[in-house]
Amino acid sequence: MQTAHGAPNPVASVIGRTHNSKQTSDFSQCKALHNSGIGLRTACAHNCSTVWLHPRVIIMLVVGRVSVPLASVVVVLVVLVGVTFNLQPVSAGPWRRNGNALPRRVAESDEYLEFGRKLKQSCGYESCPKPKKNMLNVHLVPHTHDDVGWLKTVDQYYYGSKTTIQKAGVQYILDSVIQSLLSDPERKFIYVESAFFFKWYDEQTAELQQQVRMLVNEGRLEFIGGAWSMNDEAAAHYHSIVDQFTWGLAKLNDTFGECGRPRIGWQIDPFGHSREQASLFAQMGYDGLFFGRLDYQDKRERMTHKRAEMIWKTSDNLADGDLFTGVLYNLYQAPPGFCFDILCSDEPFMDSPYSAENNVKAKVEKFLYYVNLQAESYRTNNILLTMGGDFTYMDANVYFKNMDKLIKYTNALQSNGSNVNVFYSTPSCYLKALHDVGITWPTKSDDFFPYASDPHSFWTGYYTSRPTSKRFERVGNHFLQVCKQLTALAPSRQTHMEPHLNMLREAMGVMQHHDAITGTEKQHVANDYARMLNRAVRACGANTKAALNQIHPTTDIPQYTFAFESCHLLNVSKCELTETKDSFTVTLYNPLAHAGHEYVRLPVTGGRYIVRDYRNVEVSSQIVPIPQSVLNLSYRFSNATSELVFLANELPPLGFKSYFVTRAIDSLDDFLHEAPAPASPPAADQTLAKQQETAQWHSQEVTIGNKYLNVSFDSNGFLSTITIDGVTNRLRQTFVYYEGALGNNEEFRNRSSGAYIFRPNGTEKTVTENVQLKVVKGGTVQEVHQVFSEWISQVVRVYADESHVEFEWMVGPIPVEDGVGKEIVSRFYTAAQSSGVFWTDANGREMMRRVRNHRDTWNVDLEEKISGNYYPVTAKIALEDENLRLAVLNDRAQGGSSLEDGSLELMVHRRLLHDDAFGVEEALNEKAFGQGLVARGKHWVVFGAKKPTSPTPEARERFLQNRVLLPNWLFFSDVGEVKYEDWQKQYTNIYSALSLSLPLNVHLLTFEPWKENSILVRFEHLLEKDEDPMYSKPVRFNIQDVFRQFSIEEVREMTLAANQLREDSTRLKFKPDPSYIMYSSIKRDVSTPLPSPSPPNVLAGRSPLMDELSRNVADDGFEIMLKPMEIRTFVFQLEYKP
């Protein structure tokens, strides 16, 4: 994806991320640009690169897509950078009833025949070149960074079309690289994005595929990262991250065996790095992680004090969570002057001894100067040079031929006393070299958010950019889990099921890419992502329909095939089936492993409806008017004016329950579908008459609520207070907006707000002083409909049996007729004395402590006080004091902060009119149906007294978080031709795949079809330690008790990514610096507990907890134990049924 960043229009030649048409490598041009104060974001490793000079001469700090001048004495380099992660999985041993050990699977490629020769494989660390002692060992890592969509779509990048946008064709890269590797056994190359690799590999001949396997087996082609895409780390949810790694790594494992298993995370281009992502790497068995982007101030500190490589303590809860992490020197670009790619303009080696153009001496001298300069910032006599960039190696011979000469001529100087040793290497070989040195390393326990590339460029806008895409991705994950579960549960596996499921797996893998979920792609690419995901969701719908129709009938020959279709426009209260049919069924599929409940909302055209369950019991329901602002949407083609709301209770775990809904015929008008409401409303709370009385505009104080809580609105229409257990507290909510800064991007202070960058041009603006209200009260739900302006409205609702408040906001089209872009925020105010502290989640898992205007590891100097305090909120943001706690849960990734004590805010939508000059070259000005984009979404507010008794507010938030992430999926069927009595007798209308619910604090994270009659299952402890006195404790349960319906023959425990037996997993261990060495340039808050250092173990070995965890499994009963935040991964081998 991106490489160097930050550029002005006059110097478009260096703005792109990697448009070769915009690439420059002219050293003098870089210097001129630098001296003019212009930030660059170039794309090929041109000659513009960030360099550190020691000690006083610091050239340009390579920070994000912009380089930053670091000292008055400046030399010349500007950068392109990118980051990519490598992940490796870990595994644990099998549990068999007969107690026999599972034979370790040996890859078919352990030994193989090539042209009649039997060769022994030598991949992984065994294939690494040996560094030389007393020399500076320079590891050249040839690589390409291939965005799975950014300026072009996935297919446009693969095939190399649309060259006027960007010269990039992935198929040519892989064609070319493989041939270059085959021509010289010394060469090495790493590849990262499985989505592109397998698209290419599947097109090759069997002979070439065998040659590729040979390269992998010999360690000459190595997979790093290995997920389907290089995922973003701010907006991606851990559920989707785990899934896309599982899929990419499974394909590598199935194709290449153990030699295809990546050991290194390679996140070279994501815009900031989360601790949870690093924790997932550790849980997947990866030995280390390298990345390119971190805050420019943080990078300066780390490079100056040799702390660019560290031990990252990735979890406050999990043992064995340390991960060696390295910051790359030059983002992910080649050194300035040494990008030999056809996209670059650096001079090749001209080495004829008689040529007037001979430049060998000059180039080698320049190279030696650079590597010695880089070595000043690192601790060992090993340094890593990234030889590549965005979509490099379309003609790999050009690059490799010149690197061959670079190695040859540089190493030739060793005979004259040079101490520089250059060789082809990989990130894993570099890590192994660092490990073998045996020194100690600094540690880190916070994360790398937010990322700033210069004083005015905080990459915190993309936390919210393209809010509807972010929501669609979350819906995609929801349906992927439903589809995986139902496919696994189908009594008979049909041939279409696997390809349909794989289509959705792969679409969701692409959506995690750091230019997809982030919203930082061009508009036509965003459209293509949506098309791809929509097509995949609909394809998997064929699986769910088939599986439900297999489970549904109680007779061998069912009379009727049910549609089990989804209504994808329920977010705008539209569903053709419920609006037009007189009788239909609603089947709620519960993907959670706990019995639950759900408030169902169905768009209807008015009238009265009867809802019955499978026992012929009528369920209480309520008709609620659809908000006027939704009815006014010009593109909402629907006759529904109301929603039928009812409580679906006792929903079975990992199962479904169906309801039979019929429209009551009370008159001829009703029969003709012409009456909006029945003449004499029944007692079932379906009184539109009563609703019409209460649903008028209000100007006095209003209160809605239930037995748990009441919320009140003041005479101006704003939420003002909340009352719980007789105690009333301040709780105000409103919408405000920031105006986006508008500049020409030619210097830092003229940076525009854009797809990446959030930069307000001042403090927030209020939307209105008076809010229009309508009130709807009934026995099932009470609602207040708020209208803040023509383009902002909201429904605040309290359901009868819920102890939280739901806010359904709708924002857009954001007005820009005044020429000013706007960024819209929902803000909550309380009286809590939060002392500048708030908490945000890391990818939906552990909570991270945030302190306003503060960074844990360096003295931060903030020129942007608003955007510099924004953090990614994937699932929850919270604040508290000794007495009160406020948490807001969201339905998609958003940016959030606490800019004043007691206040929380979440950015819900943004529309901007200027590009921020980091490569996209488009303003974030989304439109739909000819006008600005409208976004609708939900926040759930949990508010209350801090209390030590179970369930604590934190535990309630965790359980709610899971429910809103994976609610029941609604399937609809027209049953106009089916009598209720036949439906009740002939069909299974309540079903669970489980014998009993899992404990409330255990989440069934994964349940999906795996290989050869097996199922992949993950169990997760939902809470962190100390969040709740009861639910935070370790929990035990017996797998056989839960899955009695399955004939489980064998249980094998795997690493998190399921590509290695957990018992086979060993990770490299690194030794931390002794505690008396202090790196922090600031005083720590003494109230913040620091993690204790890990034991000084430099050996590779299995976790000390391994034996204990193995003992958790009874030989005959499959009992397992989960500790706080622990995820355990298993393959259930089922008995074969012919």
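This is a predicted model: local features need pLDDT of at least 70, side-chain atom pairs count only at pLDDT 80 or more; totals for chains, interfaces and linings use all residues.
Q: What about Cys-128, which cysteine is its partner?
A: Cys-128 forms a disulfide with Cys-429, and the sulfur atoms lie 2.1 Å apart. The link is left-handed, with -85 degrees about the S-S bond.

Q: What is the handedness of the disulfide of Cys-339 and Cys-344?
A: That disulfide is right-handed, because the torsion about its S-S bond is about 55 degrees. Its S to S distance is 2.0 Å, and both Cys-339 and Cys-344 are buried.

Q: Changing topic: where does Arg-293 lie?
A: Arg-293 lies in the loop between strand E11 (288-291) and helix H8 (296-304).

Q: Why does Arg-293 count as buried?
A: Its relative accessibility is 0%, so Arg-293 counts as buried; the cut-off for buried is under 20%.

Q: Which side chain makes a polar contact of 2.5 Å with Arg-293?
A: The side chain of Asp-269 makes that contact. The side chain of Arg-293 also has a polar contact of 3.2 Å with the side chain of Tyr-451.

Q: Now helix H9: how many residues does it have?
A: Helix H9 (residues 360-375) has 16 residues. From first C-alpha to last the helix reaches 22 Å, close to the 22 Å expected at 1.5 Å a residue.

Q: What covers the buried residues of H9?
A: The cover includes strand E7 (136-145), strand E14 (382-390), helix H10 (396-412) and strand E15 (420-424). Among the buried residues of H9 are Val-360, Val-364, Phe-367, Leu-368 and Val-371, and Lys-363 is also one of them.

Q: How many residues of strand E55 are buried?
A: In E55 (residues 1127-1134), 8 of its 8 residues are buried. Ile-1127, Thr-1129, Val-1131 and Gln-1133 are on one side, with Arg-1128, Phe-1130, Phe-1132 and Leu-1134 on the other.

Q: Parallel or antiparallel, the pairing of E50 with E55?
A: Strand E50 (residues 1014-1021) runs antiparallel to E55, joined by 7 bridges. Ser-1014 has Gln-1133 of E55 as its bridge partner. Strand E52 (residues 1048-1054) also pairs with E55 in the antiparallel sense, over 6 bridges, and Glu-1053 stands opposite Phe-1130.

Q: One more sheet: what is the order of the open sheet of 9 strands?
A: The order is E32-E33-E34-E35-E46-E41-E40-E37-E38, with antiparallel pairing. Strand E32 (772-777) and strand E38 (847-851) stand at the edges with a single partner strand each, so one side of each is left without a neighbour in the sheet. Neighbouring strands are turned by 20 degrees against each other on average, direction ignored.

Terms used:
Residues are numbered from 1 along each chain as its sequence is written. Side-chain values use heavy atoms; hydrogens and water are left out. Buried means under 20% relative accessible area, exposed over 50%, partly exposed in between (1.4 Å probe, protein chains only). Helices (H or I, at least four residues) and strands (E, at least two) are DSSP runs, numbered from the N terminus. Two strands pair if DSSP finds at least two bridges between them. The expected span of a helix is 1.5 Å times one less than its number of residues. Contact means heavy atoms within 4.5 Å. Axes are lines fitted to C-alpha atoms, for helices over the stretch in contact, and angles run from 0 to 180 degrees between N-to-C directions. A polar contact is a pair of N or O atoms within 3.5 Å; within protein, one must be able to donate a hydrogen and the other to accept it, and residues adjacent in sequence count only if both atoms are side-chain atoms. A disulfide is a pair of cysteine sulfur atoms within 2.5 Å.
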